[in-house]
Amino acid sequence: MKWRNRGKPFAVILTILLLLFLLFPFFVMLSTMLKSAQEVYQTPPAWLPKKPQFVNLVRLWKEFDFGVFFKSSLIIAFGTTILNTLVTVPAAYAVARLRFIGRKAILYLFLVIQMFSPLIVLISLFKTMAALKLLDTYLGLVLANTVFTIAFTIWMMNGYFRSIPMEIEEAALIDGCTRVQTITRIMIPIAVPGLVTTMIYSFIAAWNEFLFGLTFIQSRQRMPLVLSLYNFVGRWTTQWELLNAAAFVALIPVLVLFYIIERRLVAGLAGGAIKA
Amino acid sequence: MAELAESIVPLRQRLWNSEARLAYLLLAPAVVVLLAFMFYPIVYVFLIAFSKTNRISQLKGFVGFKNFISLFKDKEFWQITARSLYWTVIAVAVKTLLGMIIALLLNVKFAGRRIARMLFIIPWASAVPISAILWRWVYHPDYGLLNATLKAGHVWSHPPVWLGYPLPAFIACIWVDIWIGIPFMALVFLAGMQAISEDQYESAYLDGVSWWQKFFYITLPGIRHLVLIATLLSCLWTFNDFNVIFILTRGGPAGATDILITKLYLSAFEFQKFSPASAMAVVTFFILTALSVLYARIYFRQEQT
């Protein structure tokens, strides 16, 4: 295979160069969080810290109240995951397996609204939240996050339910299971990989969410992590070494989770042409 | 057969049999949250757009198309709409191009390509607001490593204050959006390329075609459909990319990086101009719906084949 072998060293070199180029901000993040404050604010800045030190990762919890924001984000993300799952699983089963009028229309609708930006409703959603006394609460954020994730998770879960052979479910129905029993005892256990995917997806979406937090949350102790990082930049003396350390810790959970679902996520977004 | 049976069964029974009832019950929670927190707010935004509002967004009477007319007479609105469009077109084009290059690289069987693939994903896997903050630090005029590197490498002795001037700020913002969007493109294209059978390449090789011919006559037609769906999806994400612009520049300097959604946020929540903001939201709603419907149609067509 001439063009393949000749191209290989070229491909490797180009890959490495592109990776160095594209991962530069993460290199900067790691380098900055290992620097001392003095080193961060010297000109010209150095690429690497002279003496790497991990003190910023510790200072974070004391000086930046990292624990408070981390806890808020965990509550919001877990809350969103739970609510999202409770809403998604029954709905996805219904569109995947039951025959009723409007099934196709509903599926189509989910696919369309999945792409809606929260910004088109934000003005009136703010009013709705105010009327329900949900501003500045965890529940308000959990609800908003759920609303803007369920269309996609129902759509993905529908795909998983549909990939389970009909025969399995029919056998259970013939054996005397009720519909609800077949869902809880047969379908959900088989669809666990799909369930994990949608749960991780909603967790990540809530963890990364910025706009609702920015608009709905006022008090510091309920501020999600991502928003607290942004507010930290706004201050006139931004301590970038702390901020980069905080960014690093905040990114770890989402990166780990993302790798678990990455292939299924791509398949879900791009449709049937890709096998997960 | 099934369709025939369906048409014989009376409508009432099809709407209200035990299976349909269970379906409605199972769908109820999803429908209720969507009605309360998505559809009702959409309707209400339309209502605000056709009304006068005070500074705390209370409705003060119906005014018809007045908000839209003054919006369409505003030169700035057209500037921002045009910018939203070329922001989207440029960003998606560059993402597609770079995504294609990366997919082609990862499709070459070299040792370590699995690791390379994992590393390429990071900008997509990272939280968008955090990425934007990291870039803000990279772009920092005094302590940022981008300008320091450009100077030290003698690439550019006087690099601009990236986020401080209109054109550099626009380039800086659009690059971050592009940078986030590349991995998805690359992954979709790669998955498509891996589904093309080796045999096609083998016979092409035997026929002695060049690399470019191989790409244009086998690879590209093989992933044509995926390119379409991925670029559409990317258009929607790019058009909706509030976080990057808001965190990097808040639409500044002097509105040079404002696109529709950042402008509408600022008019509503910074300047309390709720009616013009809602009119903008309505315009955005129609653009997004058009793109989404297109995406859904192509997605469905592909599901059925």
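**Reading domains, helices and chain contacts**

User: How many residues of domain 1 of chain A are in contact with domain 2 of chain A?

Analyst: Six residues of domain 1 of chain A are in contact with seven residues of domain 2 of chain A. Contact here means that the C-beta atoms of two residues, placed from the backbone, lie within 7 Å. On the domain 1 side of chain A, α2 (24-33) and α3 (37-40) each supply at least two of the residues that touch domain 2. The helix that gives the most to this side is α2(A), with three residues. Divided by class, the residues of this side are four nonpolar, one polar and one charged. The classes are nonpolar (Ala, Val, Leu, Ile, Met, Phe, Trp, Tyr, Cys and Pro), charged (Asp, Glu, Lys and Arg) and polar (the others, Gly among them).

User: What should I know about the model and its numbering?

Analyst: This is a predicted model, in which local features need pLDDT of at least 70 and side-chain atom pairs count only at pLDDT 80 or more, while totals for chains, interfaces and linings use all residues. Residues are numbered from 1 along each chain as its sequence is written, and chains are lettered from A and ligands numbered from 1 in the order in which they are written.

User: How many helices and strands does chain A have?

Analyst: Chain A has 14 helices and zero strands. Both are DSSP runs numbered from the N terminus: helices are H or I of at least four residues, strands E of at least two. The radius of gyration of chain A, 23 Å, is well over the 19 Å that the globule rule gives for 276 residues, so chain A is more spread out than a compact globule. This radius is taken over C-alpha atoms, and the rule is 2.2 Å times the number of residues to the power 0.38. Along the principal axes, the C-alpha atoms of chain A fill a box of roughly 75 × 70 × 35 Å.

User: How many residues of chain B are in contact with chain A?

Analyst: 88 residues of chain B are in contact with 83 residues of chain A. Helix α3 (residues 18-49) of chain B provides the largest share of the chain B side, 19 residues. That side has 71 nonpolar, eleven polar and six charged residues.

User: At what angle do α14 of chain A and α7 of chain B pack?

Analyst: Helix α14 (residues 240-270) of chain A packs at about 150° to helix α7 (residues 128-138) of chain B, their axes 11 Å apart. Axes are lines fitted to C-alpha atoms, for helices over the stretch in contact, and angles run from 0 to 180 degrees between N-to-C directions. The angle makes α14(A) roughly antiparallel to α7(B) (under 35 degrees is roughly parallel, over 145 roughly antiparallel, 65 to 115 roughly perpendicular, the rest oblique). In this contact, residues of α14(A) including Trp240(A) and Leu251(A) meet residues of α7(B) including Ile130(B) and Trp137(B). The contact has nine nonpolar residues, one polar and no charged.

User: Which backbone values deserve a check?

Analyst: Most residues other than glycine have a negative phi, and most peptide bonds are trans. The bond from Thr43(A) to Pro44(A) is cis, with omega near -10°; Pro44(A) lies in the loop between α3 and α4 (55-63) of chain A. Gly252(B) and Pro253(B) are also joined by a cis peptide bond, with omega about -10°. Asp65(A) has a positive phi, near 55°, and is found in the loop between α4 and α5 (66-97) of chain A.
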